[in-house]
Amino acid sequence: MADVLAASQQTEGLPKAASSLRTLVLVSLAHWVSHLHMLVLPMLFPFLKERLGVGYVELGFPLTLFAVVSALTQAPVGYLVDRAGARRILLLGLTVGGLSLAMLGVHLSYASLIVSAVLLGLANAVYHPSDYALLAAHIEEKRMGRAFGVHTFAGYLGGAVAPAIMAALVTTVGGFGALIVAGLVGPVAALLLLLGNVPEVPPHPHHVDGVKVAQPNLLTPLLMLLTIFFMLLSLSNSGIASFGVVALMNGYGITFSSANIALTAFLGASAVGVLAGGHLADRIRHHNLVAAVAYAINTVLVLAITFLTLPTVLLTAVMLVAGFLSGVIAPSRDMLVRNAAPAGAAGRAFGIVSTGFNFAGVVSPLLFGWIMDMNAPRWVFGASVVFMLLTIVLAFFTERPAKAKTVEA
């Protein structure tokens with residue numbers, strides 16, 4: 001108990017009121033960069049295909065490698081975050097990820113593309129453990145949900161603007177220049193974090209007065225459940241986000257432009273929903289119920305899309321509401337992990353549960369691609385319903401028992 005109180009006093013001693021907004025802005029900037037960098041290579045597929053003389057299978061392999069490396073390194077990186085400092089690891093991730101893209105622009109070959117994908121995957125594993133550890137340590141409790149919402153929104157925004165940014169760069173400076181400029185965004189962001197002087201997270205003590213302090217157990221049933229919970233949440237949305245346009249065109253007979261409008265409504269509303277969900281997360285106590293209620297409504301909406309042929313305007317409206325509710329869940333999801341994390345182990349806790357996203361990133365393209373190959377486009381939405389139902393059931397087991405909170409407090 002003494003070590004918990006000591007860590008708490010250290011954190012409270014920081015100038016939170018003065019630094020919390022700056023910390024939120026700069027950490028959210030890092031999250032924006034991470035989502036931008038995730039889409040740099042896919043947006044340059046036509047350029048890479050022409051220059052390297054390879055097929056789409058060969059171009060898809062580095063992306064799979066990226067997801068696998070991120071999945072395998074999230075938890076170890078979380079351990080490094082808690083031992084070496086979240087700020088330090090975040091700066092390293094921004095720099096390594098950015099330089100891996102810039103160097104690809106300097107020397108482009110298929111071998112260097114593979115190396116770049118591995119380094120990008122390793123850099124990507126840095127963001128969630130570092131970002132959430134910094135936010136958990138330096139944001140006031142009453143604003144934590146909104147901070148998580150802004151952070152997630154920044155990531156969504158990075159992905160949303162990536163296609164336009166890469167298209168503009170290719171047009172103005174060419175494919176090689178686009179890789180270099182997009183890559184240098186990482187080191188520039190790292191420099192801004194340095195200039196902004198984001199405070200470090202006080203490390204969890206390993207020795208007190210020469211006596212070794214017992215380290216918290218991270219392989220708890222609750223954190224394992226939350227890892228599965230994160231995976232199911234991702235699987236619930238990833239099929240719609242990745243295959244929604246082709247599924248709507250092939251399964252519902254609507255035009256390419258109409259399908260794109262419907263998917264844009266879903267993704268855009270998700271970003272807005274994240275901000276609304278942040279306000280909600282600061283005002284409720286049972287965060288798991290937000291996921292259960294929102295996904296219960298979403299199940300009905302997506303079920304209607306699966307089995308009914310809706311007019312295009314109504315379909316777009318349903319997609320918009322479903323996207324909004326999907327976004328609302330995100331800050332409460334993050335609060336569940338924060339509440340489940342032992343003292344001084346936020347980096348490791350978020351590193352572990354974030355592997356759920358990475359495993360979903362490996363499984364999702366294969367699963368939903370297979371569904372499309374089986375000529376069952378409506379089941380892109382039907383499979384999402386199944387994952388939503390599983391998410392609802394699991395949500396009731398993802399909140400820390402009240403007794404455990406009381407004992408630790």
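Author: Contact means heavy atoms within 4.5 Å. This is a predicted model, in which local features need pLDDT of at least 70 and side-chain atom pairs count only at pLDDT 80 or more, while totals for chains, interfaces and linings use all residues. Residues are numbered from 1 along each chain as its sequence is written, and side-chain values use heavy atoms, with hydrogens and water left out.

Reader: Leaving aside neighbours within four places in sequence, which residues is Ser-70 in contact with?

Author: Ser-70 lies in helix α5, residues 56-84; helices (H or I, at least four residues) and strands (E, at least two) are DSSP runs, numbered from the N terminus. Leaving aside neighbours within four places in sequence, the contacts of Ser-70 are Gly-121, Asn-124, Ala-125 and Asn-358.

Reader: Is Ser-70 buried or exposed?

Author: Buried means under 20% relative accessible area, exposed over 50%, and partly exposed in between, with a 1.4 Å probe and protein chains only. Ser-70 has a relative accessibility of 0%, so Ser-70 counts as buried.

Reader: Which residues have the most contacts inside the largest nonpolar core?

Author: A nonpolar core is a set of buried Ala, Val, Leu, Ile, Met, Phe, Trp, Tyr and Cys residues joined through side-chain atoms within 4.5 Å. The largest one has 83 residues, and its largest share, 14 residues, comes from helix α9, residues 221-252. A second, separate core of 19 residues includes Val-40, Leu-44, Leu-101 and Leu-179. In the largest core, the residues with the most contacts are Leu-94, Leu-226, Phe-229, Leu-248, Met-319 and Phe-381.

Reader: Which element gives the largest share of the nonpolar patch?

Author: Patches are made of residues with over 30% relative accessible area and no salt bridge, where like charges are joined within 9 Å and nonpolar side chains (Val, Leu, Ile, Met, Phe, Trp, Tyr) within 5 Å. Leu-303, Phe-307, Leu-308, Trp-379, Val-386 and Leu-390 make a nonpolar surface patch of about 580 Å², with areas from the Shrake-Rupley method, a 1.4 Å probe and, for residues, only the protein chains shown as cover. Two or more residues each come from α11 (287-307) and α14 (378-395). The largest share, 3 residues, is from α14.

Reader: What is the relative accessible area of Leu-303?

Author: Leu-303 is found in helix α11. Leu-303 counts as partly exposed because its relative accessible area is 37%.

Reader: Which side chains meet in a salt bridge?

Author: A salt bridge is a side-chain nitrogen of Lys or Arg within 4 Å of a carboxyl oxygen of Asp or Glu. A search of the whole structure finds 1. Glu-140 is buried, with a relative accessible area of 18%, whereas Arg-143 is partly exposed at 38%. The N to O distance is 3.7 Å, and the pair is Glu-140 and Arg-143.
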